[in-house]
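Biologist: I have a structure on my screen and I'd like to learn how to read it. Can we go through it feature by feature?

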Amino acid sequence: MRKPFSGTIFSALILLSIIILSFGCNKVPTDPSSTVVPSVVTYALISNVSQTTALSGGVITANQYGNITANGVCWSSVNAVPTIADSKTTDTLNNNGFNSTITGLAGNTTYYVRAYATNAAGTGYGSVVKFTTLSTPGVVTATVTTLAGSTAGTYGFADGAGTAALFNGPQGIAYNSIANNLYVSDILNNLIRTMTPAGQVTTLTQPTLGLVNGPLSSALFYSPSSVAFDTQGNAYVADIGNNVIRKITTTGTVTTLAGNGVYGYVDGAGTVAEFAAPQGIAVDAQGVVYVADRGNNLIREITPAGVVSTLAGGITAVGISQQSAPGYVDGVAGNVVVFNRPSSLALDHQGNLYVSDINNKTIRVVTISNGATSTLAGNSTQKNLLGAPNAVASDAAGNLFIADQSGRVLEITTQKVLYILAGALNTSGFTNGVGAAARFNNPEGIAVDAQGNIYVSDFGNNVIRKITVKVQ
């Protein structure tokens with residue numbers, strides 16, 4: 001007689017079936033034909049370029065097949081679309097990113113480089129970046145001097161020539177090509193100062209905190225943060241303490257272009273608009289003003305008539321007012337982009353707006369026509385490339401200069417090559433000299449004059465520094 005089917009055996013079989021099915025559903029595929037090669041992005045900048053070497057790298061943005069068996073960059077001087085059959089590096093991954101030192105290059109030669117990553121499905125490539133090596137063994141260097149302010153770093157308030165002048169926390173600095181002078185936002189003195197290229201310092205405003213328009217000599221500001229000039233020589237001021245944008249005409253009259261003193265976020269005309277600690281400012285050839293609205297994590301634009309709109313950055317409800325939560329997202333539409341404390345702006349002649357996104361340790365590029373945003377320099381895998389980029393400025397040729405609060409001044413050329421001009425990462429001091437021998441203490445502002453001289457507001461040292469650059 002057949003025994004009845006055991007309930008215990010039945011339960012065991014059911015459990016075994018579930019386990020088998022579970023493993024079947026979660027099984028990692030081993031067939032490369034069902035997968036794709038890695039997605040890779042080549043770093044947009046080439047740095048440390050010399051006659052024979054350069055630094056590049058990339059980041060792996062998607063890897064659907066699992067383990068990476070090799071990654072690095074490949075390059076060639078003859079193949080405009082290099083592959084791993086050309087020269088290549090093999091590098092160590094760090095948080096899906098890698099830095100690649102390229103050696104054995106020839107001087108004064110154009111190279112094409114792109115990042116690669118290989119898995120079982122094959123090799124994926126990033127976009128191609130082009131650069132040219134130096135023609136001589138020389139390097140790009142910068143000589144740093146003190147143009148104005150105390151040689152001892154003493155803070156205070158005094159007009160005068162060179163080191164006879166005193167500042168207290170100079171922050172923004174801008175060059176006026178019409179008048180051939182500079183404006184300095186002496187923020188802890190609550191003053192706007194003017195300075196000649198020779199270092200003669202004069203005060204334009206009163207030190208009393210307030211929001212009063214009228215003649216420049218009696219107008220009141222509240223911690224003016226940065227200044228920019230239009231093509232006629234009118235000045236625009238990010239009045240960070242008042243949460244407004246001010247205009248100073250060439251005849252010395254101060255008005256409020258946009259904002260009403262309320263810390264918040266509102267688009268609209270004139271005093272309807274609201275800002276949250278606007279810090280950076282730039283003006284294009286049509287007189288449109290762009291604002292790094294730091295507290296809102298937004299890039300705003302203002303028409304010459306004073307109408308404010310949001311160019312880039314997404315809005316979420318935060319606290320009492322509507323503000324944008326900080327983050328790091330690039331995008332092809334301005335309203336999906338996310339910043340983390342944008343602090344300074346600079347324009348080029350191609351309609352691009354450069355943003356020093358300080359808490360993300362990046363330089364971002366915003367297309368003015370649509371707000372599309374990408375990263376030019378810095379990311380989570382290049383943490384030491386930009387320590388704390390607080391200010392950017394561009395010269396007439398489109399080269400970009402960066403005041404890095406961590407203690408350095410850097411340049412990104414129009415060929416997308418990065419040079420460390422002066423100072424040292426995370427090292428403070430007050431030393432004049434050449435290149436890495438120079439020391440700054442929290443450099444916060446930067447400007448370039450018509451001759452290519454660089455001016456840096458050295459906030460912690462209470463001085464204005466001058467930098468001349470050459471290849472030697």
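Biologist: Let's start with Asp186: is Asp186 buried or exposed?

Modeller: The general idea is relative accessible area: under 20% is buried, over 50% is exposed, and in between is partly exposed, using a 1.4 Å probe and protein chains only. Asp186 has 0% relative accessibility, so Asp186 counts as buried. Keep in mind that this is a predicted model, where local features need pLDDT of at least 70, side-chain atom pairs count only at pLDDT 80 or more, and totals for chains, interfaces and linings use all residues. Residues are numbered from 1 along each chain as its sequence is written, and side-chain values use heavy atoms, with hydrogens and water left out.

Biologist: Okay, and which residue forms a salt bridge with Asp186?

Modeller: A salt bridge is a side-chain nitrogen of Lys or Arg within 4 Å of a carboxyl oxygen of Asp or Glu. By this rule the count here is nine. For Asp186 the partner is Arg193, and their closest N and O atoms are 2.7 Å apart. Arg193 is also at 0% relative accessibility, so it counts as buried. Arg465 and Asp458 meet in a salt bridge too, at 2.7 Å from N to O.

Biologist: What does Arg246 do?

Modeller: Arg246 forms a salt bridge with Asp239, with 2.8 Å between the closest N and O atoms. Arg246 also lies over the face of Phe221, 4.4 Å from the ring centre. The rule for a charge over a ring is that NZ of Lys or CZ of Arg is within 6 Å of the ring centre and within 35 degrees of the ring normal. Arg114 does this as well, over Tyr125 at 3.9 Å.

Biologist: And rings with rings: how many aromatic pairs does the structure hold?

Modeller: Rings of Phe, Tyr and Trp (its six-membered ring) pair if their centres lie within 6.5 Å; planes under 30 degrees apart are stacked, over 60 edge-to-face, and the rest tilted. The structure holds two such pairs. Tyr111 and Phe131 are stacked, 5.9 Å centre to centre with 25° between the planes. Tyr111 sits in strand S7 and Phe131 in strand S9, 20 residues apart. Strands, by the way, are DSSP runs (E, at least two residues), numbered from the N terminus. For Tyr183 and Phe229, the centres are 4.9 Å apart and the planes at 75°, so that pair is edge-to-face. That pair links strand S13 to strand S17, across 46 residues.

Biologist: Now strands. How many bridges join S28 to S29?

Modeller: Two strands pair if DSSP finds at least two bridges between them. S28 and S29 run antiparallel and have five; one of these bridges puts Ala346 across from Tyr354. The two strands make a hairpin with four residues between them, and Gly351 in the turn has a positive phi of about 80°. Six of the six residues of S28 are buried, so this strand is largely enclosed by the rest of the structure.

Biologist: Where is Ser343, and what does its side chain reach?

Modeller: Ser343 lies in S28, residues 342–347. Its side chain reaches the backbone oxygen of Asn390 at 2.9 Å. Contact means heavy atoms within 4.5 Å, and, leaving out residues up to four places away in sequence, Ser343 touches several residues, including Gln279, Arg294 and Ile358.

How values were computed: A polar contact is a pair of N or O atoms within 3.5 Å; within protein, one must be able to donate a hydrogen and the other to accept it, and residues adjacent in sequence count only if both atoms are side-chain atoms.
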